[in-house]
Amino acid sequence: MSESRQISFLSAPIYVWWDITQQCNFSCKHCYSNAQKTVKDELTTTEVFGIIEQLKEAQIGFVYILGGEPLIRPDFSVILDKFRDTGIPLMLNTNGWFMNEQMGRKIAESSVKHLRFSLDGSTAQTHDDLRGVNGSYERVINGIKICRSLNIPKISCSYTVTSKSIKEIESTCELLVELGVDAVQFGPLAETGRAFAHPELTLSALDTQELTRNIGQSITKFGKKIQIYSVDGTYDRPYTRLAKKGLIKPDFMGCQAGRTCCCIDWKGNVLPCIMWRNPVAGSLRKTSFKEIWGKSPLFNNLRRHRGNEYAECQNCKYSDVCARECPLSPSQNTHSTNDRIARLEVLEKNTQIRQCVANSEFC
Amino acid sequence: MVSKFEAPILRLVTTADGPVCFDVTKEAEQVLQKDDLLNSALGNIVGNIPFCQCQCTCECMAPCTCQCTCECTAPCNCQCTCECKGKGDVTCAALTVENDPLVEIINPIERTGEKISLNASFMFRQEKFGGFLFDKQNFVSYYCNSTAWEIFQFIQRKKGLQLKDLKILSDHIKRTFDGTPQDLNVLIFAFVHGCMKKSSRKVRT
């Protein structure tokens, strides 16, 4: 029965994003989780421990801890201990404000394999303006320096690209090379959470092209010293390019939500994706993780075969591995039909881009 | 339940971000009606993403056997007869071997007294297609088919396996799967050998 056909998915996620708190000392204009100074009814330490045990039982690959600001939780240290004891490797995101020698050492002794700092510019003016707190740039740079001197396997930065920060990509790469950071991820601002209130920060189709060029130039210049990449939507990653050439058939294509990954929020709700707060697949306060992942109607819906909905999916050789584009990507200007058309029109009309590309080092 | 034998496979899990039908690059080419300048720009900004960066032009899908110095752990895009220096021989170190560091190891398979076991820094999980392996140190995901999964399970059940006892493993696979080939021993030995962490092979100096 074609109605019940499913595309590829795993028996448990490869990784889980876990917004372990919604509390944050910042009020960033682009915060996807709409973090607050104080939050009620967050998961207790006992509840967090219970979920960690469930994730261990589910044999997930790793947990990516985010927030809010994870380090703001008073029990964060014991949570790190619990993860280490259960053998679950971690990736940890922080704004760097609370980073000091003691916390750095704690992280170095934990199961954190990858520590990521949020950095949104190469200058205090740009970073602090987006983060809403003076001194935040200085603190995050200091945090990076502290952690770099410790035995932490990988340190990276995530950089949310907005209309205000798009000019500082190359200078940020240069700065991070000086700091000895291993990698930097550039992600176009997603229109979710608090970013809804700041449409002036969203990238235009033209900006997206500039972003692509800037990242490419930075890779050319600094790529041997630091890993530089962008999240989905700016350009195709290698496997995507190969798939589009027909050279490989990937195991998973397009949106991965509910197939290889999912998200847990500060109240124990299981969500398809970190950028997607509604609808909820289930609550870990009521239902086990295993049951939510395996039986949630929402996840099963994400795993549905698209052949009945889109003509181009009916006979596509990738239809059993593809969930099509991210359903929440209006800001990326590359996915929805209207935005793609707009982008192509820009490409066609804007001779400046063509000239720039022709003169670039890529040719 | 006995199922049909397939040669054991262990490879990277491959994920493509965007669906094929959303190929903006192709459309851009059509719109521009020009050469692939834009395509070049888009195509070149993939540096140091885990992928072989050698630049030869062949596009077959054989495992990388070239010898370049890149440290990627992904299959090579170039492959085949290219004479570039691409780093082939990428090992998913799903198994480790304990051996005598004083003994020169040319081919660990031929040695006795060495014990192979599942790599403790890997997570092994059963899936419908066989197994999912996750390298917890490097955050890399691997796929294995049912035969490979059975091999790993056998080694785990035995709490490690003497290399000299690989024949026992071969016999187990014969009993478990239908249609095993004549050269099953070779296949299994080669697979197990390929899964061993190179750094665990001590070489006498």
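Me: How many of the residues of chain A count as buried?
Reply: Of its 363 residues, 50% do. Do keep in mind that this is a predicted model. A residue goes into that group if 20 or more other C-beta atoms lie within 10 Å of its own.

Me: Why is Val13(B) called partly exposed?
Reply: Happy to go through it! Val13(B) has 18 C-beta neighbours inside 10 Å. Buried needs 20 or more and exposed needs 12 or fewer, with partly exposed in between, so Val13(B) counts as partly exposed.

Me: And where is Val13(B) found, and what does it touch?
Reply: The loop between β2 (10-12) and β3 (15-16) of chain B holds Val13(B). Leaving out residues up to four places away in sequence, Val13(B) touches Asp251(A), along with Ser141(B), Tyr142(B) and Tyr143(B). A contact here requires C-beta atoms within 7 Å.

Me: What makes β7 (227-230) and β11 (282-283) of chain A edge strands?
Reply: Good one. They belong to an open sheet of 10 strands with mixed pairing, in the order β7-β6-β5-β4-β3-β2-β1-β9-β10-β11 (chain A). Each of the two pairs on one side only, and that makes them the edge strands.

Me: How do you know that β6 (residues 183-188) of chain A pairs with β7(A)?
Reply: Pairing takes at least two bridges, and these strands share 4, in the parallel sense. Phe186(A), for instance, has Ser230(A) in β7(A) as its bridge partner.

Me: Which strands does helix α5 (residues 136-148) of chain A lie across?
Reply: Helix α5 lies across β4 (112-118) and β5 (154-161) of chain A, and runs at about 160° to β4(A).

Key
Residues are numbered from 1 along each chain as its sequence is written. Chains are lettered from A and ligands numbered from 1 in the order in which they are written. This is a predicted model: local features need pLDDT of at least 70, side-chain atom pairs count only at pLDDT 80 or more; totals for chains, interfaces and linings use all residues. Two residues are in contact if their C-beta atoms, placed from the backbone, lie within 7 Å. Axes are lines fitted to C-alpha atoms, for helices over the stretch in contact, and angles run from 0 to 180 degrees between N-to-C directions.
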